[in-house]
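Student: I would like a close look at one residue and the part of the chain around it. Please take it step by step.

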Amino acid sequence: MDSIVTNNKDSFLEESLRQGKRNADNLILVYEKVKAIGDEANRNNKETKQQIKNFQKKLDQTNKLANKAIDISRVDHNQDRKVVKAVYAKSNVLAKEWITEHHSAGYGGSDYLMKKIGQVRSAIYHELKDRYNVNVRSDLKMVDFDNCLAWADSLTLASIDSWRVADRQTTLDTLNKWEQAHGLPLTKPED
């Protein structure tokens with residue numbers, strides 16, 4: 001009986017060892033599969049990082065091109081109209097202010113006011129062209145649009161060259177006609 005128990009113990013021990021070996025082999029297979037998955041994930045991660053770098057590089061290049069395009073893009077029709085409106089509004093205010101400072105409010109009548117508005121408007125456009133380095137108003141760059149509107153709104157008579165808004169001969173002729181019609185002394189040209 002001893003031999004049967006010993007045989008049973010030996011066969012149980014042997015079977016346990018065989019099962020342990022099978023379990024170990026299975027664990028090795030699982031480990032190798034997990035390691036392979038990890039390696040593939042690392043490769044994918046490196047590829048993804050590289051793709052992200054490439055994408056970021058292309059995005060940076062696109063942004064540079066877009067910024068360059070914005071820098072050289074000119075204002076559109078609606079923006080140009082806004083610049084015109086800002087210049088017109090400011091020239092009306094400054095012309096009336098100039099007349100009030102040099103004569104009195106309403107002096108010279110509507111014809112003189114219209115001539116003075118045109119003269120101030122022309123002076124503002126000259127200043128705009130010099131300030132924003134453009135040949136014509138519509139060449140204004142989009143990037144300068146908001147600054148241009150703010151600049152036009154902030155203009156004062158002191159910020160415009162005085163010789164540009166001084167009475168010219170045609171403006172004086174209109175003023176002198178009004179003065180003559182109202183029996184006032186004629187304004188002489190300033191030297």
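Tutor: Buried means under 20% relative accessible area, exposed over 50%, and partly exposed in between, with a 1.4 Å probe and protein chains only. Gly118 has 34% relative accessibility, so it counts as partly exposed. The model is predicted: local features need pLDDT of at least 70 and side-chain atom pairs pLDDT 80 or more, while totals for chains, interfaces and linings use all residues. Residues are numbered from 1 along each chain as its sequence is written, and side-chain values use heavy atoms, without hydrogens and water.

Gly118 belongs to helix α3, residues 109-132; a helix here is a DSSP run of H or I with at least four residues, numbered from the N terminus. The C-alpha atom of Gly118 is 9.8 Å from that of Thr171, and the two residues are 53 apart along the chain.

Helix α6 covers residues 169-181, and its axis lies 8 Å from that of α3 at an angle of about 165°. Axes are lines fitted to C-alpha atoms, for helices over the stretch in contact, and angles run from 0 to 180 degrees between N-to-C directions. The angle therefore makes α3 roughly antiparallel to α6, a term for angles over 145 degrees. Contact means heavy atoms within 4.5 Å. On the α3 side the contact is made by Gly109, Asp111, Tyr112, Lys115, Lys116 and Gln119, and on the α6 side by Thr170, Thr171, Thr174, Leu175 and Trp178.

As for the whole chain, it has 6 helices and 0 strands, a strand being a DSSP run of E with at least two residues. Its C-alpha trace spans about 155 × 30 × 25 Å along the principal axes.

Notes: Parallel < 35°, antiparallel > 145°, perpendicular 65-115°, else oblique.
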